[in-house]
Amino acid sequence: MASHRRPKQPSRARVTVLTTAAAAAVALSSQAANAAPSEKPSKDEVKAKVDKLYQEAEQATEKYNGAKEKQEKLQKEISTIQDDVARGQKELNDLRDGLGSMASAQYRSGGIDPSLQLFLSADPDDYLDKASTLDQLSAQQVDGLKKIQEKQRELAQQRSEASEKLKDLSSTRTELGKKKKEVQGKLAAAQKLLNSLTAEEKAQLAQEEERASRNSERQALSAGDASTGTRAGTSTGTGRAAAAFAAAQSKLGTPYVYGATGPSSFDCSGLTSWAYAQAGVGLPRTSEAQTGAGTRIYSQSQLQVGDLVFFFNDLHHVGLYAGNGQIIHAPRTGTVVRYESMNTIGGPFMFGVRV
């Protein structure tokens, strides 16, 4: 006969656990359903993040420019030393050939002078000390040996200097590669953010920048510059600053490219160094180095058209004063050489430099 057993009832603890788990699952699913989707950053938020990345890229760019300038200088110095060593080695060979000819003549006349034979078979650096006891050197031989010793020491010093500069060049190239990679990383991150914007938002940003630049140009061109008494922003006036400013004006609309010094593209210090070069003034390559190119002007009200103007605490940005609180500069990647208010650079005005 079949056994009729009563089904086993779940324990109270088990019922409690199951009920709690079910309630939690319902609550989580309800929260997931009601949670607002992650909000996309606004156009202004994206612009703020992009501007910060561009500032960091420009900082790295100026360090890249400094490393590149150092590399080029080292390469020239090494090339000059190597040329000097090559010429010195030829002179040394000629001196040795001269003593060799002297030894040959002595051999043909009855034997080589023991002192000269000693020289030909030993290190001439200590030869004179060894040979002095022989007291058999002619004045001509002594002079020849001294010249060889001097040339050997000179060549050794030059080779040592070249070796040190080659080490410096190697570390500079490593630094250059790191800075280039850093710049490219910042620019790629900025571009990724910009790509998150719609076509309409990108167009709005471009229009805003264009309007701001046109407004800056109007202010610079229409306002009288109290410090000079001339129309600000024009090429009128005297001196190399006016000529440099006119050169910068001729490049309005030229694209920004990091590391570029013109004439078809510029970065910030590339534009200022190129502009002053057109006026016959050689400026250092980096913005920080350009701060030492003249007299510093700490009051904005005393700036004159063509003065260099520097921004940010680390001085990584430079432009040319255009009058009425406006500058001409190469701002950042994705822009062109343009007018801009000093109040919208993104960093504090530090001082100007009158070249």
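This report walks through some strands, helices and salt bridges of the structure above.

## Ground rules

The model is predicted, so local features need pLDDT of at least 70 and side-chain atom pairs count only at pLDDT 80 or more, while totals for chains, interfaces and linings use all residues. Residues are numbered from 1 along each chain as its sequence is written, and side-chain values use heavy atoms, with hydrogens and water left out.

Let's start with strand 5, which covers residues 317-323. Strands here are DSSP runs of E with at least two residues, helices are runs of H or I with at least four residues, and both are numbered from the N terminus. Seven of the seven residues in strand 5 are buried, where buried means under 20% relative accessible area, exposed means over 50%, and partly exposed is in between (1.4 Å probe, protein chains only).

Strand 5 pairs with strand 4 (residues 308-311) in the antiparallel sense, over four bridges; two strands pair if DSSP finds at least two bridges between them. Phe310 has Val318 in strand 5 as its bridge partner. Strands 4 and 5 make a hairpin with five residues between them, and Phe312 in that turn has a positive phi of about 75 degrees.

Strand 5 also pairs with strand 6 (residues 326-329), again in the antiparallel sense, with three bridges. Here Tyr321 stands opposite Ile327 in strand 6. This hairpin has two residues between its strands, and Asn324 in the turn shows a positive phi of about 55 degrees.

## Helix 8

Helix 8 runs over residues 268-278 and is mostly covered, with nine of its 11 residues buried. Among them are Cys268, Leu271, Trp274 and Tyr276. After the helix comes Gly280, whose phi is positive, near 85 degrees.

Searching the whole structure turns up 20 salt bridges. Each one is a side-chain nitrogen of Lys or Arg within 4 Å of a carboxyl oxygen of Asp or Glu. Lys43 and Asp44 form one through their side chains, at 3.4 Å from N to O. Lys43 counts as buried because its relative accessibility is 13%.

Another salt bridge joins the side chains of Lys47 and Asp51, at 2.8 Å from N to O. These two are four residues apart in helix 2, so about one helical turn separates them. Lys47 has 27% relative accessibility and therefore counts as partly exposed, and Asp51 is partly exposed too, with a relative accessible area of 23%. Both belong to a network of salt bridges that links Lys47, Asp51, Glu209, Arg332, Arg338 and Glu340.

## Reaching to other parts of the chain

The side chains of Glu91 and Lys151 meet in a salt bridge at 2.6 Å, N to O. This pair links distant parts of the chain: Glu91 sits in helix 2 and Lys151 in helix 5 (residues 139-195), 60 residues apart. The two ends can be told apart by their cover: Glu91 is partly exposed because its relative accessibility is 39%, whereas Lys151, at 11%, counts as buried.

Glu56 is also in helix 2, which spans residues 43-108. Its relative accessibility is 19%, so Glu56 counts as buried. The Glu56 side chain makes a polar contact with the side chain of Lys186, at 2.9 Å. A polar contact is a pair of N or O atoms within 3.5 Å; within protein, one must be able to donate a hydrogen and the other to accept it, and residues adjacent in sequence count only if both atoms are side-chain atoms.
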